Amino acid sequence: MPQVRIATPEELSDCLAIRHDVFVLEQAVTVEEDLDGLDAQCVQFLAITDEGPVGTARMRKTDDGEVRAERVAVRASSRGLGLGALLMDALEDEARRRGEAAVVLHAQVEVVPFYTRRGYEPFGPQFLDARIPHQAMRKPLRSEPTES
Ligand SMILES: CC(C)(COP(=O)(O)OP(=O)(O)OC[C@H]1O[C@@H](n2cnc3c(N)ncnc32)[C@H](O)[C@@H]1OP(=O)(O)O)[C@@H](O)C(=O)NCCC(=O)NCCS
């Protein structure tokens, strides 16, 4: 059974190694773009199978109070097994536990359907980040008051 949970501080290197393989080696993102200096202020998540650590994601609260899901990555050999979904579930559970109302992310346009399936809705225009087209998306975590 895969284990998907918050990474310990010692496991940050496992998270970064997965990101290096997926973003830097596979997607030609630069090391500087991946290692943006914000990891210490993030909650890091790790997916572990019999193969070892194979997936990661991080949760970050921005200066304007937005909760972001970032650096969602599963090693190519472990995709399609539900690990990306489990990582998003773990991140959203943690955000809910902290009383957050929503999660925002910048999806690579190619994987927008992955997030749409999980309840994220696109907002705003597409934009380039690390030369890759992105789309901002948002998912409310609990019912928000409606205007009467
Ligand atoms: C996007 C990514 C994290 C998905 O991880 P994964 O473990 O393969 O995803 P899962 O197996 O949990 O898939 C969950 C669902 O999303 C769907 N899905 C996954 N990737 C998809 C894609 N690229 N396009 C459309 N649907 C996709 C699956 O079919 C599955 O559908 P189901 O619930 O009906 O079975 C993984 O493909 C990845 O790391 N890609 C490279 C890095 C990347 O692009 N990260 C996103 C940055 S925004």
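Arginine 79 is partly exposed, because 14 other C-beta atoms lie within 10 Å of its own; a residue is called buried if 20 or more other C-beta atoms, placed from the backbone, lie within 10 Å of its own, exposed if 12 or fewer do, and partly exposed in between. The model is a predicted one, in which local features need pLDDT of at least 70 and side-chain atom pairs count only at pLDDT 80 or more, while totals for chains, interfaces and linings use all residues. Residues are numbered from 1 along each chain as its sequence is written. Arginine 79 is placed in the loop between β4 and α3, where helices (H or I, at least four residues) and strands (E, at least two) are DSSP runs numbered from the N terminus. Between arginine 79 and leucine 25 there are 54 residues of separation in sequence and 16 Å in space, taken from C-alpha to C-alpha.

Helix α3 has 15 residues and reaches 21 Å from its first C-alpha to its last, close to the 21 Å expected at 1.5 Å a residue, the expected span being 1.5 Å times one less than the number of residues. In this helix Leu83, Gly84, Leu87, Met88, Leu91, Glu92 and Ala95 are buried. An α-helix has 3.6 residues a turn, so residues three or four places apart point the same way. The cover over the buried residues of α3 includes β1 (3–6), β2 (43–49), β3 (52–61), β4, β5 and α4. After α3 comes glycine 99, whose phi is positive, near 80 degrees.

Strand β4 is mostly covered, with six of its eight residues buried. On one pairing, β3 and β4 run antiparallel and are joined by six bridges, two strands being paired if DSSP finds at least two bridges between them. Lysine 61 stands opposite valine 67 in β4, and the hairpin of β3 and β4 has five residues between the strands, with glycine 65 taking a positive phi near 85 degrees. The pairing of β4 with β5 is parallel and has two bridges; here alanine 69 has leucine 105 in β5 as its bridge partner.

Taken as a whole, the protein has four helices and eight strands. Its radius of gyration is 15 Å, close to the 15 Å that the globule rule gives for 148 residues, so the protein is as compact as a globular protein of that length; the radius is taken over C-alpha atoms, and the rule is 2.2 Å times the number of residues to the power 0.38. Buried residues make up 26% of the 148 residues.

How values were computed
Two residues are in contact if their C-beta atoms, placed from the backbone, lie within 7 Å.
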